Amino acid sequence: MKKKPAIDWAALAAAARAAAARAYAPYSKYRVGAALLADDGTVFAGCNVENASYGLTNCAERTALFKAVSEGRRSFRAIAIAGGTAKAPALPCGACRQVLAEFCPPDLPVAVLPLRGGAPVVRALRDYLPHSFSL
Ligand code: THU
């Protein structure tokens with residue numbers, strides 16, 4: 001079996017930040033971007049897409065994941081999430097944690113980083129969502 005190349009966190013972080021710049025967030029003004037690395041090396045980026053009916057908002061992480069799954073990928077290696085400030089970077093919401101757990105292994109590395117400056121902090125998906133629900 002061919003060994004997978006090391007995860008390029010700088011590239012994933014840059015892709016997450018670039019996606020945040022495309023956020024549609026006229027209501028909250030809170031921009032989030034995500035970059036999800038599929039097993040085959042493809043990076044799927046996503047941003048939050050809000051709606052006048054607030055509850056219909058789609059988070060950046062789910063946008064990235066749904067793009068990937070709808071393009072035929074179901075195995076993932078890492079995700080980077082860009083949002084918030086150095087003091088308070090955006091952490092994935094509960095819904096996104098559960099949706100990630102549907103497709104990603106518990107040891108998936110999840111990097112969070114602020115929109116500007118700061119360094120990514122990497123934790124495993126299981127640290128964000130222990131005891132996730134499954135059928
Ligand atoms: N948001 C995300 O995109 N990802 C998260 O994990 C947390 C929240 C978005 C949703 C909404 O557009 C804005 O941040 C404020 O809640």
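Colleague: Is Lys29 buried or exposed?

Modeller: Lys29 is exposed, with a relative accessible area of 66%, where exposed means over 50%, buried under 20% and partly exposed in between, taken with a 1.4 Å probe on the protein chains only. Before we go on, this is a predicted model, in which local features need pLDDT of at least 70, side-chain atom pairs count only at pLDDT 80 or more, and totals for chains, interfaces and linings use all residues. Residues are numbered from 1 along each chain as its sequence is written, and side-chain values use heavy atoms, with hydrogens and water left out.

Colleague: Where is Lys29 found, and what is its phi?

Modeller: Lys29 is in the loop that joins α1 (9-20) to β1, and its phi is positive, about 60 degrees, although Lys29 is not a glycine. Most residues other than glycine have a negative phi. The helices (H or I, at least four residues) and strands (E, at least two) are DSSP runs numbered from the N terminus. His131 also has a positive phi without being a glycine, at about 55 degrees; His131 lies in the segment after α4 (125-128) and is exposed, with a relative accessible area of 81%.

Colleague: Switching to the ligand, which residues surround it?

Modeller: The ligand is surrounded by Ser28, Tyr30, Val32, Asn48, Glu50, Thr57, Cys59, Ala60, Glu61, Leu91, Pro92 and Cys93, each counted as near if one of its heavy atoms lies within 4 Å.

Colleague: And which side chains or backbone atoms are at polar distance from its oxygen atoms?

Modeller: A polar contact here is a pair of N or O atoms within 3.5 Å; within protein, one must be able to donate a hydrogen and the other to accept it, and residues adjacent in sequence count only if both atoms are side-chain atoms. An oxygen atom of the ligand is 2.5 Å from an N or O atom in the side chain of Glu50, an oxygen atom of the ligand is 2.7 Å from an N or O atom in the side chain of Glu61, and an oxygen atom of the ligand is 2.9 Å from a polar backbone atom of Ala60. Taken alone the ligand exposes 370 Å², of which the protein buries 79%, with accessible areas from the Shrake-Rupley method and a 1.4 Å probe, and for residues only the protein chains shown counting as cover.

Colleague: What covers the buried residues of α2?

Modeller: The cover includes β1, β2, β3 and α3 (94-103), and the buried residues of α2 are Ala60, Glu61, Arg62, Thr63, Ala64, Leu65 and Ala68. Just after α2, Gly72 takes a positive phi of about 95 degrees.

Colleague: How many salt bridges does a search of the whole structure find?

Modeller: The search finds 1 salt bridge, in which the side chains of Asp40 and Arg73 meet at 2.8 Å, N to O. Asp40 lies in the loop between β1 (32-38) and β2 (43-47) and Arg73 in the loop between α2 and β3 (76-83), so the pair ties together parts that are 33 residues apart in sequence. Arg73 is partly exposed, at a relative accessible area of 22%.

Colleague: And Arg97, which side chain of opposite charge is nearest there?

Modeller: For Arg97 it is Glu61, at 7.5 Å, and Arg97 is buried yet has no salt bridge. Arg97 belongs to helix α3, and its contacts beyond four places in sequence are Leu91, Pro92, Leu125, Tyr128 and Leu129.

Colleague: Last one: what does the side chain of Arg17 reach?

Modeller: The side chain of Arg17 reaches the backbone oxygen of Pro114 at 2.9 Å. Arg17 lies in helix α1 and counts as partly exposed at 28% relative accessibility.

Methods: A salt bridge is a side-chain nitrogen of Lys or Arg within 4 Å of a carboxyl oxygen of Asp or Glu. Contact means heavy atoms within 4.5 Å. Lys and Arg count as positive and Asp and Glu as negative; His and the chain ends are not counted.
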